[in-house]
Amino acid sequence: LEEVRETYDIVVANIIDGVLIQLKNDLNRVLKSKGQLFVSGILLERESHFFENFIEASELKVVRRLENDEWVSFW
């Protein structure tokens with residue numbers, strides 16, 4: 001991800017929540033202005049931690065939250 005220099009209208013990342021938080025800056029960097037980011041791999045028990053450290057710590061707005069068993073994803 002560090003080597004990616006282009007930006008994209010849509011970025012999808014299905015990685016465990018702790019790694020998503022570590023990649024937050026790079027994921028936002030490759031996302032075009034007004035682009036859409038889909039993140040999944042967030043454990044339900046860690047959702048609030050992820051939300052605080054990934055969503056609230058950026059200018060992202062949640063369009064939709066999905067839950068399946070113990071997993072959560074955000075669009």
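Asp26 is buried, at a relative accessible area of 19% (buried means under 20%, exposed over 50%, partly exposed in between, with a 1.4 Å probe and protein chains only). The model is a predicted one, in which local features need pLDDT of at least 70 and side-chain atom pairs count only at pLDDT 80 or more, while totals for chains, interfaces and linings use all residues. Residues are numbered from 1 along each chain as its sequence is written, and side-chain values use heavy atoms, without hydrogens and water.

Asp26 belongs to helix H1 (helices, H or I of at least four residues, and strands, E of at least two, are DSSP runs numbered from the N terminus). Leu1 and Glu2 are in contact with Asp26, leaving aside neighbours within four places in sequence (contact means heavy atoms within 4.5 Å).

Helix H1 also holds Asp17. Asp17 is buried, with a relative accessible area of 1%. Its side chain makes a polar contact of 2.5 Å with that of Arg46. Such a contact is a pair of N or O atoms within 3.5 Å; within protein, one must be able to donate a hydrogen and the other to accept it, and residues adjacent in sequence count only if both atoms are side-chain atoms. Not counting residues up to four places away in sequence, Asp17 touches Gly41, Ile42, Leu43, Arg46 and Phe50.

Helix H2 spans residues 47-55, and Glu47, Phe50, Phe54 and Ile55 are buried there. These residues lie on the same side of H2, because they cover an arc of only 75 degrees around the axis (the arc is that of the directions from the helix axis to the C-beta atoms). Their cover includes helix H1 (17-30), E2, strand E3 (65-68) and strand E4 (71-74).

Leu37 sits in strand E2. Leu37 is buried, at 8% relative accessibility. Beyond neighbours within four places in sequence, Leu37 is in contact with Val11, Leu31, Phe54, Leu60, Phe74 and Trp75. The C-alpha atoms of Leu37 and Asp9 are 8.4 Å apart, although 28 residues separate them along the chain.

The largest pocket holds about 390 Å³ of space. A pocket is an open set of points on a 1 Å grid over the protein atoms alone, where a 1.4 Å probe fits, with protein on both sides within 12 Å along at least five of seven lines; lining residues have an atom within 4 Å of a point. The lining of the largest pocket comprises 17 residues, with Leu31, Gly35, Glu59, Leu60 and Lys61 nearest its centre. Strand E2 (residues 31-43) gives the most, with seven residues.

Notes. Grid points are joined across faces, edges and corners, and a volume is the space filled by probe spheres set on the points.
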